[in-house]
Amino acid sequence: MKNRSLHMNHITLGVCYYPEHWEESMWEEDLRRMKECGIEVIRIAEFAWNKFEPEEGNYTFEFFDRFMELTKQYDMKVIFCTPTATAPLWLSEKYPEILNADIDGNLFYHGTRRHNNLNSEVYRECSARITDKLAEHYVKYDNIIGWQLDNEINCENDLYYSESDHEAFRRYCKEKYKTLENFNEKMGTIFWNQTYTDWQQVHLARRTNTYGQTNPHLQLEEKRFISESVYLFFKIQADVIRKWQKIYDREDQFITTNGLFRHIDYQRLVEDVLDFITFDNYPAFARDSVLRPEEGNGFMDRNSSRNLIRTRSISPIYGIMEQQTGAGGWNSRMMMPMPRPGQMRLWTMQAIAHGADFVSFFRWRTATMGTEIYWHGLHDYDNRENRRVRELKQIYKEIQKFQGVTGGAYQAKVAILCDYDNEWDGENDIWHGPLREKSMDSWFVALQKAHIPFDYKYWEKDMDEGEFEDYEYLIYPHATIFTKERMELLKTAVENGKTVIFGCRSGYKNEQGQCYSMPMPGYIEQLCGCEVEEYTYVSAFDEEMEIIPLNGEPEESCGDAPLFHEILMPTDGEVMAVFHEKGVSAGRCHYEKKPAVVRKQCGKGAGWYVGTVFAENTANLLIRLTDMKEMAAYKGVFQLPETVEIAVRKGERAPLFFF
């Protein structure tokens with residue numbers, strides 16, 4: 001039976017700790033001070049493989065046993081990690097086939113982390129053995145509440161090109177497509193003479209005269225294969241741990257992993273392998289003034305909500321395994337400033353507001369050696385109390401005031417629909433890939449400013465209409481890959497009263513990324529009542545267009561129409577807005593006054609199709625036209641400025657509002 005709970009009946013604070021980095025004489029004092037700060041849980045051992053297996057087959061536990069005895073004395077709960085994110089040096093040297101490689105086959109040698117490939121049979125066997133030994137020895141410890149698999153998988157490398165990966169990809173394709181004839185058809189290899197005549201000819205992307213694999217269908221399949229590789233690597237470890245949990249009757253211990261990275265179907269991982277996900281929350285990465293000042297949306301720390309919303313979409317029950325506490329950076333890359341006074345508190349409360357019941361800070365003390373000497377923790381090198389430690393104590397006092405929120409679900413009536421197929425296909429398709437980020441950011445900003453809570457909702461296998469039961473509005477910005485099955489599911493939802501909104505470049509590809517031989521937007525026409533008459537990418541030389549509603553709203557209520565335009569032709573839908581050229585020379589564009597937004601009433605609900613990318617004011621226009629503004633969380637209760645974020649969680653007696 002899977003364990004879907006953190007087994008914490010109150011908001012709990014934790015910290016990441018590395019006993020192998022410090023003199024043993026420091027351990028007890030560290031644990032004592034942690035308890036004074038309200039820390040109840042520590043995460044350990046994710047990079048300590050050589051402390052357990054200093055040479056192949058020689059296992060020793062004395063070092064961590066001594067530390068674990070101290071944790072019991074101080075009533076400290078522990079999350080134990082499998083240390084497979086970095087193999088020990090002896091393993092890399094003895095079995096070089098475990099190393100990953102770049103697209104040209106050049107190996108990534110030992111010296112950093114995540115340099116191993118997940119499809120090496122040797123690495124899988126060694127990872128399974130160390131996991132087996134650790135679980136056999138430690139699963140019976142009463143104060144171990146859970147296990148973290150690996151660490152930030154796919155962080156440094158999310159593309160796989162070792163020889164083991166090429167071989168595994170070949171097996172994956174053969175198992176999925178059965179015959180070369182079927183594989184060739186689905187991959188469209190007749191184009192440019194790419195037809196395979198032997199399975200040995202099948203590879204992951206390799207360098208070509210256009211700098212990578214040019215077959216878009218094979219590129220999409222490659223991302224699915226990478227996700228499958230992660231899934232199998234984690235399943236091996238989870239199965240081993242659960243075997244020992246069952247033997248020692250410790251099935252109350254959860255199994256999780258940390259971080260959100262590319263080319264992983266996390267929904268499938270949580271459903272089949274993990275109990276829930278934990279996120280590594282470094283809001284400075286989301287601060288546009290730090291990393292992308294020229295591209296920012298002005299939301300600063302508030303942007304980190306997007307990652308929290310996505311984490312919540314994977315598992316409503318979740319925690320933060322690493323919460324930023326200090327300046328961030330390796331000695332060789334990444335420079336993030338020290339949090340200002342109150343900022344660490346802000347980030348922690350923001351995570352709790354978005355559903356986290358467990359927040360673990362990274363790290364207790366800043367490392368004095370190694371690549372992460374500038375990735376600051378709660379304490380600096382001198383180990384003295386500082387303002388960040390004092391802020392942690394303040395956080396601990398404040399969370400006592402709203403402990404009734406534990407387990408309370410985030411409340412939202414709007415969902416932005418997402419799927420990995422379109423996300424991965426868009427990485428290599430410049431006709432729809434760049435549109436997604438623009439629209440996702442615009443909807444995020446517009447909904448946040450309107451104080452409309454929302455979820456991300458990912459498509460999963462075997463979904464039914466019950467998946468949309470909690471929502472009134474479904475936004476699917478650019479559903480390029482879209483199947484008949486998805487249309488039928490959404491049609492049922494619309495007929496039962498939901499409103500669904502699509503953006504341009506939707507509905508014209510099948511699951512392999514091949515284009516349908518039918519009018520665009522394919523099956524979506526049945527939902528929205530329109531076809532695409534003509535479309536164009538918007539170049540720097542094209543007229544600047546906007547969309548004007550036909551409901552008599554004032555001209556300033558127009559929405560911008562960036563990046564891409566689709567001229568729509570209603571079938572059984574109603575035109576709601578048209579294109580209009582901006583500027584004094586307005587009216588010269590050949591699709592001036594042509595339909596840009598079409599709506600179709602279907603049962604109790606409606607389908608909307610918008611023939612452009614969503615700018616913030618375009619999303620605002622749709623919020624007004626669809627009456628989505630009625631979903632505002634504060635409506636009739638609060639008066640809040642746009643600059644204040646609001647979140648709502650279910651409480652024991654009434655909803656809890658976070659500002």
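I began with the second largest cavity, which has a volume of about 60 Å³. The model I am reading is a predicted one.

I looked up what surrounds this space. The second largest cavity is lined by Asn100, Arg114, Asn116, Asn117, Leu118, Asn154, Asn157 and Tyr160. I sorted that lining by class and noted 5 polar residues, 2 nonpolar and 1 charged.

Next I asked how many cavities of 30 Å³ or more the count comes to. I found 3.

I then turned to the largest cavity and noted a volume of about 100 Å³. Its lining takes in Leu417, Cys418, Asp419 and Asn422, together with His432, Arg436 and Met440, and also Tyr476, Pro477 and His478. Which elements give two or more residues to this lining? I wrote down strand E9 (414–418) and helix H15 (433–449). By class, I have the lining of the largest cavity as 5 nonpolar, 3 polar and 2 charged residues.

I found a nonpolar surface patch of about 490 Å², made by Ile430, Trp431, Tyr535 and Tyr537.

Key: Residues numbered from 1 in each chain as written. Predicted model: local features only at pLDDT ≥ 70, side-chain atom pairs only at ≥ 80, totals over all residues. Heavy atoms only, no water. 1 Å grid on protein atoms, 1.4 Å probe; cavity = no way out; pocket = protein on both sides within 12 Å on 5 of 7 lines; lining within 4 Å. Points joined across faces, edges and corners; volume = space filled by probe spheres on them. Helix = DSSP H or I, 4+ residues; strand = E, 2+ residues; numbered from the N terminus. Nonpolar A, V, L, I, M, F, W, Y, C, P; charged D, E, K, R; others polar. Patch = residues over 30% accessible without salt bridge, like charges linked within 9 Å, V, L, I, M, F, W, Y side chains within 5 Å. Areas by Shrake-Rupley, 256 points an atom, 1.4 Å probe, with all protein chains shown as cover. Salt bridge = Lys/Arg side-chain N within 4 Å of Asp/Glu carboxyl O.
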